[in-house]
Amino acid sequence: MIAAPLPADEIERLSQLKSLNILDTPPEERFDRVTRMARRVFGVPIALVSLIDENRQWFKSCLGLEASETDRQISFCGHAILNSGAFVIENALADERFADNPLVTGEPHIRFYAGYPLRTVSGQPMGTLCIIDREPRTLEKDDIEMLADLAGMVERELMAVQLAVSDELTRISNRRGFLTLSKYSLELCRRQMFPATLVYFDLDKFKQVNDVHGHAEGDRVLQLFADQMRSSFRTSDVFARLGGDEFVVLMTNVDPGTIRNLIEQFRERLQAQCEKLALPYEFGFSYGLVAYEPLKHASIEDMLHEADAAMYANKKAKRAAD
């Protein structure tokens, strides 16, 4: 048996998956409807909507299996998410990657497998829509196109979930998504005794950009700031647009003493990008930061409140100095 390697963007992929807050939730008709269609169209005994977590594949919809999850190391779907299109195994017994797999040698005695990747709005694979048979078989081109169409139905439902936790304009997390993801991060920091720092940003001169240059240009500024956050911070950091011109990033396992230097580097990169684009206006940001203290901060909301106050103090001091 050969286990699938991890995707190159595994950290970001898991972050996007967890932001959906869909793992370990009850079955839903909108997903079961598609697996019923897949099982009927292809005449297979098993059809699944499988989501790939760190160490398991978990089934959001499962027809024909008693299990709700299996180990990721033995999953076929772990291989399928590495593909851009359909991943098809016509006879698992004739494939060295799967011939001695316990899902092949034992229940459910997989022989045929076809999985189509399900992707997030930003392109990371979350899992698959897959069909399974206990007998070897082949798929024609029309069959693969049908599987892709059915996977698209599942993908649109998952994207609807994701858009509820993503900012429509900037395509980074919104407040709801940030609160969900940051809870995972803080819990990890608490268990592993890692440091964590929350940085709260507010754009300077943003109202002036809107008033003088119009709201379309204001939207451009928000997108530019979000893009720079995406390229400057690590995929393990949790960043979001909270609303309006306010942004936030939770940086974990970083020496608190280097945080201000990292923020200044971010400021310099942002300024360099503005100069490169020859923007007809100037804008910057004020910020406030707070280091995570488990005994002081019962929740991420506590940290947000404290960092927000620190940001406004920073903005007030800058205005007084001007």
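Contact here means heavy atoms within 4.5 Å. By this criterion, lysine 60 touches Ile22, Thr25, Pro26, Pro27, Glu28, Phe31, Asp32, Val49 and Leu51, leaving aside residues up to four places away in sequence. The structure is a predicted model. Lysine 60 is part of strand β2, which spans residues 56-63. Is lysine 60 buried or exposed? Its relative accessibility is 2%, so lysine 60 counts as buried; the cut-off for buried is under 20%. Two polar contacts involve its side chain. One is with the side chain of threonine 25, at 2.7 Å. Another is with the side chain of glutamate 28, at 2.9 Å.

The chain as a whole can be described briefly. It has 322 residues, of which 49% count as buried. There are 10 helices and 10 strands. The C-alpha atoms fill a box of roughly 75 × 45 × 35 Å along the principal axes. Contacts were also sorted by sequence separation. Among those between residues at least 6 apart in sequence, 65% join residues at least 24 apart.

Strand β6 covers residues 125-133 and is mostly covered, with 9 of its 9 residues buried. Strand β1 (residues 46-52) runs antiparallel to β6 and is joined to it by 6 bridges. Within this pair, serine 50 stands opposite threonine 128 of β6. Strand β5 (residues 112-119) is also antiparallel to β6, and 8 bridges join the two. Here phenylalanine 112 faces aspartate 133 in β6 across the pairing. The hairpin of β5 and β6 has 5 residues between the strands. In this hairpin, glycine 123 adopts a positive phi near 105°.

A further set of strands forms an open sheet. It holds 4 strands in the order β8-β9-β7-β10, with antiparallel pairing. The edge strands are β8 (238-243) and β10 (284-291), each of which pairs on one side only. From one strand to the next, the twist averages 20°. Strand β9 (residues 246-252) is joined to β8 by 5 bridges, and the two run antiparallel. Glycine 243 stands opposite glutamate 246 of β9. Helix α6 (residues 175-192) lies across β7 (196-204), β8 and β9. Its direction is at about 145° to β8.

Phe206, Val209 and Asn210 of α7 are buried. These residues lie on the same side of α7, because they cover an arc of only 95° around the axis. What do the buried residues of α7 pack against? Their partners are β7 and α8. On the face turned away from the buried side, α7 carries the exposed residues Lys207, Gln208, Asp211 and Val212.

The packing of α7 on α8 was then examined. Helix α7 (residues 206-213) and helix α8 (residues 215-232) pack at an angle of about 145°. Their axes are 7 Å apart. From α7, the contact involves Phe206, Val209, Asn210 and His213. From α8, it involves His215, Glu217, Gly218, Val221 and Leu222. By class, this contact has 4 nonpolar, 4 polar and 1 charged residues. Glycine 214 follows α7 and has a positive phi, near 100°.

Terms used
Residues are numbered from 1 along each chain as its sequence is written. This is a predicted model: local features need pLDDT of at least 70, side-chain atom pairs count only at pLDDT 80 or more; totals for chains, interfaces and linings use all residues. Side-chain values use heavy atoms; hydrogens and water are left out. Buried means under 20% relative accessible area, exposed over 50%, partly exposed in between (1.4 Å probe, protein chains only). A polar contact is a pair of N or O atoms within 3.5 Å; within protein, one must be able to donate a hydrogen and the other to accept it, and residues adjacent in sequence count only if both atoms are side-chain atoms. Axes are lines fitted to C-alpha atoms, for helices over the stretch in contact, and angles run from 0 to 180 degrees between N-to-C directions. Ala, Val, Leu, Ile, Met, Phe, Trp, Tyr, Cys and Pro count as nonpolar, Asp, Glu, Lys and Arg as charged, and the others, Gly among them, as polar. Two strands pair if DSSP finds at least two bridges between them. The arc is that of the directions from the helix axis to the C-beta atoms.
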